[in-house]
Amino acid sequence: MATFWTSPVIRFHAALNVRDGWTGRITRVQALAMSHPRAPFLAAFLLIVLSGLVLYLMGRQILCPCGYVLPWYGALGTAEGNMHLTDWYTPSHVIHGFAFFGVGWLVLRRLSLGWRFALATLAEVSWEILENTPAVIQHYRDTTVSVDYMGDSVVNSTADVIAMWLGFLLARRLPIWASVAICLGFEVWTTLAIRDGLALNILMLLAPSETVLNWQSGG
């Protein structure tokens with residue numbers, strides 16, 4: 001009788017020579033996941049649908065109240081911020097994808113890539129829901145330059161999760177140096193363009209600084 005290591009599933013998975021850009025090692029759990037290869041991606045899809053429903057029930061607008069949706073919205077300090085598909089904060093969500101991939105690669109190597117992707121989606125939709133709670137919205141308005149922040153539309157939030165997916169999938173294919181270069185490039189770009197970015201956003205959310213706030217305000 002065939003053992004675990006000589007099963008057709010293992011041989012087929014090894015023949016694929018699946019590599020994630022950072023490591024080519026194939027684990028037992030990854031091989032076993034070949035028997036249900038679509039399950040984690042279905043879970044990720046259901047999570048993004050569920051998060052949209054939760055946001056809607058929380059009172060978030062599905063679309064921009066302006067009546068249309070733009071592929072890119074670059075104006076700052078307006079009521080339409082965070083209401084269209086992409087904006088200046090989209091790059092930070094791409095960086096989320098790189099970060100989630102890196103964390104999964106470091107501590108969840110025995111978990112298949114698909115389930116790491118599903119867990120990354122769970123983390124991202126959880127953040128999207130959290131940042132659209134009244135308490136966090138008010139915190140942003142009180143401690144950052146986003147004094148007109150009213151929360152995200154469902155469309156914008158969904159696009160943010162898809163941006164995370166893009167970062168995750170890019171990290172899977174790219175070498176570490178390229179992943180780091182893209183993340184740093186995005187941070188430098190947004191910092192120079194709007195005096196904000198993922199690192200500054202985290203800083204002002206967790207430990208607001210009057211000095212940073214004055215600088216972001218143009219002072």
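1. Pro 134, Ala 135 and Asp 142 are exposed residues on the face of α6 turned away from its buried side. Exposed means over 50% relative accessible area, buried under 20% and partly exposed in between, with a 1.4 Å probe and protein chains only. The model is predicted, so local features need pLDDT of at least 70 and side-chain atom pairs count only at pLDDT 80 or more, while totals for chains, interfaces and linings use all residues. Residues are numbered from 1 along each chain as its sequence is written, and side-chain values use heavy atoms, with hydrogens and water left out.

2. Which residues of helix α6 are buried? In this helix, residues 134–143, they are Val 136, Ile 137, Tyr 140 and Thr 143. They lie on the same side of α6 because they cover an arc of only 155 degrees around the axis. The arc is taken from the directions from the helix axis to the C-beta atoms.

3. The cover over the buried residues of α6 includes α5 (113–131), α9 (198–206) and α10 (210–216). Contact means heavy atoms within 4.5 Å.

4. The chain has 10 helices and 0 strands. Helices (H or I, at least four residues) and strands (E, at least two) are DSSP runs, numbered from the N terminus. Of the 219 residues, 40% count as buried. Among contacts between residues at least 6 apart in sequence, 68% join residues at least 24 apart.

5. The largest pocket holds about 660 Å³ of space. A pocket is an open set of points on a 1 Å grid over the protein atoms alone, with protein on both sides within 12 Å along at least five of seven lines; lining residues have an atom within 4 Å of a point. Grid points are joined across faces, edges and corners, and the volume is the space filled by probe spheres set on the points.

6. The lining of the largest pocket has 38 residues, and Asn 82, Tyr 89, Ser 146, Asp 196 and Asn 201 lie nearest its centre. Two or more lining residues come from each of α4 (90–107), α5, α7 (154–173) and α9. The most come from α9, with 6 residues. By class, the lining has 17 nonpolar, 14 polar and 7 charged residues.

7. The structure holds 0 disulfides, a disulfide being a pair of cysteine sulfur atoms within 2.5 Å. Cys 64 is buried, with a relative accessible area of 5%, whereas Cys 66 is partly exposed at 29%.

How values were computed: 1 Å grid on protein atoms, 1.4 Å probe; cavity = no way out; pocket = protein on both sides within 12 Å on 5 of 7 lines; lining within 4 Å. Nonpolar A, V, L, I, M, F, W, Y, C, P; charged D, E, K, R; others polar.
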